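Subject: Structure handover

Hi,

Here is the structure I promised you. Please open it next to this email and follow along.

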Amino acid sequence: MLRHLQVAVVVAHELAHQWFGNLVTMEWWTHLWLNEGFATWVSYLAVEYLFPDWKIWTQFIDETVEAFRLDGLVESHPIEVEVGHAREIDEIFDAISYRKGASIIRMLESYIGASVFQKGLNAYVKRYAWKNARTEDLWAVLSEVSGESVNELMDSWTKQKGYPVVFAKLKGDKLELDQSQYLSSGKLGNGHWVIPITLCYGSYNARKNALLREKLGSISLSGIADSQKDAGSQPNWIKLNVGQSAFYRVQYDDELAKRLRAAIAVGSLDATDRFGILDDTHALCSACKLPLSALLSLMDVYRKELDYSVLLCLIDIAYKVSSVVGDAIPQSAADFKSFTINLLQFAAEKLGWEPIPGESHLNAMLRGHILVVLAQFGHEETKVEARRRFNVFLSDRSTTILPADIRKAAYIAVMQNVTTSDKSGYESLLRIFRETDLSQEKVRILGSIASSPDPSVVREALDFSLSSEVRNQDAVFVLYGINKEGRETAWLWLKEKWDFILKNWGSGSLLTRFISSVVSLFSSEEKADEIQEFFSTRTQPSIERTVNQSIERVRIKAQWVKHVQQQDGLVELLQGLAV
């Protein structure tokens, strides 16, 4: 099912280029986002129209998250980026041009209204048909149609890198707001934005909108507060950036954060907002703006979560926190994994191993994701059942006991038992790889074979990725499966094989994935220095931005590790959550 969704989005994206790219073409690479950002946004618009049951706009938030991650770096770039050399072009086909571009389009559509936005786009395409256009041309047409000063709102989002975080504090009947630039490093940035603020007060029926033009601002709650009388002793929650329609993060004061946790626990918030609160809290925690305990307390109220996108966000955060806890307080690593297993038990029991008649395609996809993380985090029952099903599949490939959606969980469980002295599971997976003609199955196996805890097996898997048996475009999938135990092996391998990799992948964007996939596994200043030294004599325009971004991420994670080590009570908290 995941493949169907991905194909639908890709096909819609490419069809959208008939209008955004072909009929109207960007004037220069600086305006690449007019092609890619719009095609990305239109692809979700089209899929939502064709397949409403897929809830594609909830999954669109994943696009925003990927843009957030890149745009929180000092080494990010504006949507409109100056291109001075042809070899720099490949590097701007990234999450900024595609995902941030799509996200700010959605933000603008939400601000001026869908019908007005559609009229404006129609006028823009007609005016610039068979011509070249700049970002300013689009803003001018939308301003004419909407009567709004679109360039005033949007210039701050396209001409400067980064994005804001809005700190919200309740004071009497006013909500005080303070914007600053979010940086993953936690450092102060000097960015300033015109921000479309939306909020709900205790109900989605009680809404208020405003523009935050200055650094500081406030919104009176008296009108909507009167319409939403607090029930008993429970004060009403306040949620900003309703539906996650705008490209900014929110940090709530302790009281507002407490109210939101309670609202999530009783099911008062929509999936998009549950996703946004969780992702924002993780981002603030990783930037050392919140203690890890704040994130753990929030994660704990998601025990009854069943939404596909929200659970994928929870799983993604669990992997990241597990890595940091493992480096910062290794004695608590097992407790955090047990906590994550506890969080996912409700969903795991609801979904089980077998397809449920009439279930949604999202639940069908979710089952595999949950089983993978349970296997990776050491849930014994999952591992035993996964290996049992794998053995049946190994002897009978036509069996229905191990459908494609859950197969990776079995492969991961098998690889966790593979060592230098017993490589039977690894060899079985390679046999399946060689026998199948399905590219999806080959990719699934490649993404699993480097997950062994034995560094020697990891090295063998990495060498296999460069062999003639693996298509060039598929080699990087092996890197995606490397865990903490294999990261040093992967780095040594990358250095040793660099000349070969550069020769074979040096002319395309795949080269950057070799770098980012391996480098991102580390979390110490010493390793960041070592990586920087290695690439100091090997950099070139096509990889320079990626190298710098990857090293910056390592330093950010190193800072988070140190911050976690300084926090009191985490060992005891994790022990309690693990029960």
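First, a term you will need: helices (H or I, at least four residues) and strands (E, at least two) are DSSP runs, numbered from the N terminus. The model is predicted, so local features need pLDDT of at least 70, side-chain atom pairs count only at pLDDT 80 or more, and totals for chains, interfaces and linings use all residues. Residues are numbered from 1 along each chain as its sequence is written, and side-chain values use heavy atoms, with hydrogens and water left out.

**The whole chain**

The chain has 25 helices and nine strands. Its radius of gyration is 24 Å, close to the 25 Å from the globule rule for 579 residues, so the chain is as compact as a globular protein of that length. That radius is taken over C-alpha atoms, and the rule is 2.2 Å times the number of residues to the power 0.38. Along the principal axes, the C-alpha atoms fill a box of roughly 70 × 60 × 50 Å.

Of the 579 residues, 55% are buried. Buried means under 20% relative accessible area, exposed means over 50%, and partly exposed is in between (1.4 Å probe, protein chains only).

Now look at contacts, meaning heavy atoms within 4.5 Å. Take those between residues at least 6 apart in sequence: 72% of them join residues at least 24 apart.

Charges come next. Lys and Arg count as positive, Asp and Glu as negative; His and the chain ends are not counted. The place of a charge is NZ of Lys, CZ of Arg, CG of Asp or CD of Glu. There are 63 positive and 73 negative side chains, and the centres of the two sets lie 1 Å apart.

**Helix α7 and its tryptophan**

Helix α7 spans residues 150–158. Its buried residues are Val150, Leu153, Met154, Ser156, Trp157 and Thr158. Their cover includes the helices α2 (33–50), α4 (95–112) and α6 (135–146). The strands β3 (164–171), β5 (195–201) and β6 (207–212) are also among the cover.

One neighbour is worth a look. Ser143 is found in helix α6. Ser143 is buried, with a relative accessible area of 19%. Leaving out residues up to four places away in sequence, Ser143 touches Glu148, Ser149, Val150 and Asn151.

How many aromatic pairs does a search of the whole structure find? There are 27. Rings of Phe, Tyr and Trp (its six-membered ring) pair if their centres lie within 6.5 Å; planes under 30 degrees apart are stacked, over 60 edge-to-face, and the rest tilted.

Trp157 and Trp193 form a tilted pair, 6.2 Å centre to centre with 45° between the planes. Trp157 lies in helix α7 and Trp193 in the loop between β4 (174–181) and β5, so the pair ties together parts 36 residues apart in sequence. Trp157 is buried, at 0% relative accessibility. Trp193 is also buried at 0%.

An α-helix has 3.6 residues a turn, so residues three or four places apart point the same way. Phe336 and Phe339 are both buried.

There is also a cluster. Phe20, Trp33, Phe38, Trp41, Phe117 and Trp139 form one aromatic cluster.

**One more residue**

Best wishes
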